[in-house]
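Subject: Structure handover

Hello,

Please find the structure below, followed by notes on what was found in it. Read them with the model open.

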Amino acid sequence: MKGSKSDSDNYRPVSLTCVVCKIMESVIRDYVAGKIMHSGFLSTFQHCFTKGRSCVTNLLTAFETWTKWMDERYGVDIIYLDYRKAFDSVNYTKLIEKMIIAKIDSAVIKWIAVFLEGRRMRVKVRFDFSDWVLVLSRVPQGSVLGPLLFLLDLV
């Protein structure tokens, strides 16, 4: 975290949902992931948030490629990107359009739309609660479905 701990702009909401909601999110996530994986919608270079792959496999593949290029006397330039507030930048309209293109069932798209719309939050400090405010980020951090929706927004 950068900046003052007392500045509310330095904090983003994290989704804390009940077990039933997490189970439903898992079912939806598995369905959507299956659809986009088998449709060729994702690049073969995609590692994060995909079954059998991870950030670690991505890093190992990259190191192997870079080492090969250096052995062959090619130059290697690396650019690092900071996705610290990436979930806040997901374009909701484009996300829905991409799910339609990926041939996700319309009932599932509607469930996801309802899941993402009109989310509110409040803060509890000891025994006091703040007022409810609308959450502007469309993909809730801490949710089961969030990382997959973020990934879908990137493609």
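**Helix 2 and the residue T57**

T57 is partly exposed, with a relative accessible area of 28%; buried means under 20%, exposed over 50%, and partly exposed in between, with a 1.4 Å probe and protein chains only as cover. T57 belongs to helix 2.

Before the rest, some notes on the source. This is a predicted model, in which local features need pLDDT of at least 70 and side-chain atom pairs count only at pLDDT 80 or more, while totals for chains, interfaces and linings use all residues. Residues are numbered from 1 along each chain as its sequence is written, and side-chain values use heavy atoms, with hydrogens and water left out.

**Overall make-up**

The protein chain holds 5 helices and 4 strands. Both kinds of element are DSSP runs numbered from the N terminus: helices are H or I with at least four residues, strands E with at least two. Read from the N terminus, the order is α-α-α-α-β-β-β-β-α. Of the 155 residues in the chain, 28% count as buried.

**Helix packing**

Two helix pairs are described here. The axes of helix 3 (residues 92-101) and helix 4 (residues 106-116) come within 11 Å and cross at roughly 165°. Axes are lines fitted to C-alpha atoms, for helices over the stretch in contact, and angles run from 0 to 180 degrees between N-to-C directions. Helix 3 and helix 4 are therefore roughly antiparallel to each other; the classes are roughly parallel under 35 degrees, roughly antiparallel over 145, roughly perpendicular from 65 to 115, and oblique for the rest. The crossing of this pair is right-handed, which means that the near helix is turned clockwise from the far one by less than a right angle, anticlockwise being left-handed.

Helix 1 and helix 4 have their axes 11 Å apart and pack at an angle of about 135°. That makes helix 1 oblique to helix 4. Their crossing is left-handed.

**Loops with positive phi**

K103 is exposed, with a relative accessible area of 63%.

R73 sits in the loop between helix 2 (55-71) and helix 3. Phi of R73 is near 70°, again positive in a residue that is not glycine. With a relative accessible area of 75%, R73 is exposed.

**Salt bridge and surface patch**

How many salt bridges does a search of the whole structure find? The search finds 1, a salt bridge being a side-chain nitrogen of Lys or Arg within 4 Å of a carboxyl oxygen of Asp or Glu. D30 forms a salt bridge with R29, and the closest N and O atoms are 3.1 Å apart. D30 is partly exposed at 47% relative accessible area, and R29 is partly exposed at 29%.

A nonpolar patch on the surface is formed by V19, I23, M24 and V27, with about 370 Å² of accessible area together. V19 lies in helix 1 (residues 19-38) and counts as exposed at 60% relative accessibility. Patch residues have over 30% relative accessible area and no salt bridge, with nonpolar side chains (Val, Leu, Ile, Met, Phe, Trp, Tyr) joined within 5 Å and like charges within 9 Å. Accessible areas come from the Shrake-Rupley method with a 1.4 Å probe, and for residues only the protein chains shown count as cover.

Regards
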